[in-house]
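User: I am new to this structure and would like to be guided through it by questions. Please begin by showing it.

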Amino acid sequence: MEVGFLGLGIMGKAMAANLLRHGFRVTVWNRTLSKCQELVALGAAVGETPADVVAKCRYTIAMLSDPSAALSVVFDKDGVLEQIGEGKGYVDMSTVDAATSCKISEAIKQKGGVFVEAPVSGSKKPAEDGQLVILAAGDKVLYDDMVPAFDVLGKKSFFLGEIGNGAKMKLVVNMIMGSMMNALSEGLSLADNSGLSPQTLLDVLDLGAIANPMFKLKGPSMLQGSYNPAFPLKHQQKDMRLALSLGDENAVSMPVAAASNEAFKKARSLGLGDLDFSAVYEVLKGAGDSGKA
Ligand SMILES: NC(=O)C1=CN([C@@H]2O[C@H](COP(=O)(O)OP(=O)(O)OC[C@H]3O[C@@H](n4cnc5c(N)ncnc54)[C@H](OP(=O)(O)O)[C@@H]3O)[C@@H](O)[C@H]2O)C=CC1
Ligand SMILES: O=CC(=O)O
């Protein structure tokens, strides 16, 4: 199967490499074109523009940072819309809001193409290992065509019906994840500031009912102050913002998510946006320090 791949950031690079390793023919494009070279070394071809990639490939996947990037790659000059049409499918796996996804879907359909949104749950390592959870919605025929690729990229795909449902599901999941990261950070800070060992807290958590892979993976590196980005904090804050907006639209009160969003915003304002989202711990540690002073 031949696929195009737009966006070679942390996730896109790992996903495109995975497809190549499983025998897919992949044509890649990235805004910073030099980042394509690593994929060329693995056998990828390169398109000069998103339009080039779509012209060459029947199916094109995108994995881009946020709504503005997702829209730009489709609607701007040399974008996807210039070459999409009858017989071509576009699959956006970026985390965006439902309105962005619907706008892209409508434009693709007007040109005669088909569209699936398919954001993913799982970070850099699951992307490398083909263990993502795929939250797809949109054109069911295109979804079925993409199953061989989804089977390589993920451990499970959900088809959630109409466009927007994949985006919404992803935002709900990441809203919970961001709030959990804040709760863990506050707990570590409270343990530390009240004379307990934060490492012992992690050990206790791991043996009880709220044990989870995220606490287990991120806790030890947070205690070392090590925030090598797997999931950049700026993207987690974008997801909290979009989830809160979904809450606004549906009159759902989300005080925990709102407080968590403030902590992520504060972390961004301190220049931590490109670090892993667990760096929000630095903000909450800071709050504890100033409380003691
Ligand atoms: N990292 C993670 O753990 C996970 C991330 N996600 C989601 O996946 C998406 C990608 O995440 P990730 O790979 O971590 O992000 P990165 O920041 O590593 O990569 C972002 C990608 O988007 C491109 N991009 C940014 N702005 C534009 C633009 N205006 N026009 C064209 N391309 C643009 C970047 O290009 P360039 O190289 O030129 O900057 C890069 O290829 C995000 O929506 C994120 O929320 C979902 C699950 C897990
Ligand atoms: O979106 C991030 C993730 O880990 O999932």
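The questions and answers below concern a predicted model.

User: What is the handedness of the β-α-β crossover from strand 4 to strand 5?
Analyst: Strand 4 and strand 5 pair in the parallel sense. Between them the chain passes through helix 4 (residues 67-75), and the crossover is right-handed.

User: Are Thr 60 and Ala 62 of strand 4 buried or exposed?
Analyst: Strand 4 also pairs with strand 1 (residues 2-6) in the parallel sense over four bridges, with Phe 5 opposite Ile 61. On one side of strand 4, Tyr 59 and Ile 61 are buried.

User: Which helix gives the largest share of the shell around ligand 2?
Analyst: The residues around ligand 2 include Lys 170, Asn 174 and Met 177. Helix 8 spans residues 165-193. The largest share of the shell, three residues, comes from helix 8.

User: How much of the accessible area of ligand 2 does the protein cover?
Analyst: A polar side-chain atom of Lys 170 lies 2.8 Å from an oxygen atom of ligand 2, and a side-chain N or O atom of Asn 174 is 2.8 Å from an oxygen atom of the ligand. Of the 190 Å² that ligand 2 has on its own, the protein covers 89%.

Notes: Residues are numbered from 1 along each chain as its sequence is written. Chains are lettered from A and ligands numbered from 1 in the order in which they are written. This is a predicted model: local features need pLDDT of at least 70, side-chain atom pairs count only at pLDDT 80 or more; totals for chains, interfaces and linings use all residues. Side-chain values use heavy atoms; hydrogens and water are left out. Helices (H or I, at least four residues) and strands (E, at least two) are DSSP runs, numbered from the N terminus. The expected span of a helix is 1.5 Å times one less than its number of residues. Buried means under 20% relative accessible area, exposed over 50%, partly exposed in between (1.4 Å probe, protein chains only). Two strands pair if DSSP finds at least two bridges between them. A crossover is right-handed if, with the strands pointing away from the viewer, the path from the first strand over the helix to the second runs clockwise. A residue is near a molecule or strand if one of its heavy atoms lies within 4 Å of it. A polar contact is a pair of N or O atoms within 3.5 Å; within protein, one must be able to donate a hydrogen and the other to accept it, and residues adjacent in sequence count only if both atoms are side-chain atoms. Accessible areas come from the Shrake-Rupley method with a 1.4 Å probe; for residues, only the protein chains shown count as cover.
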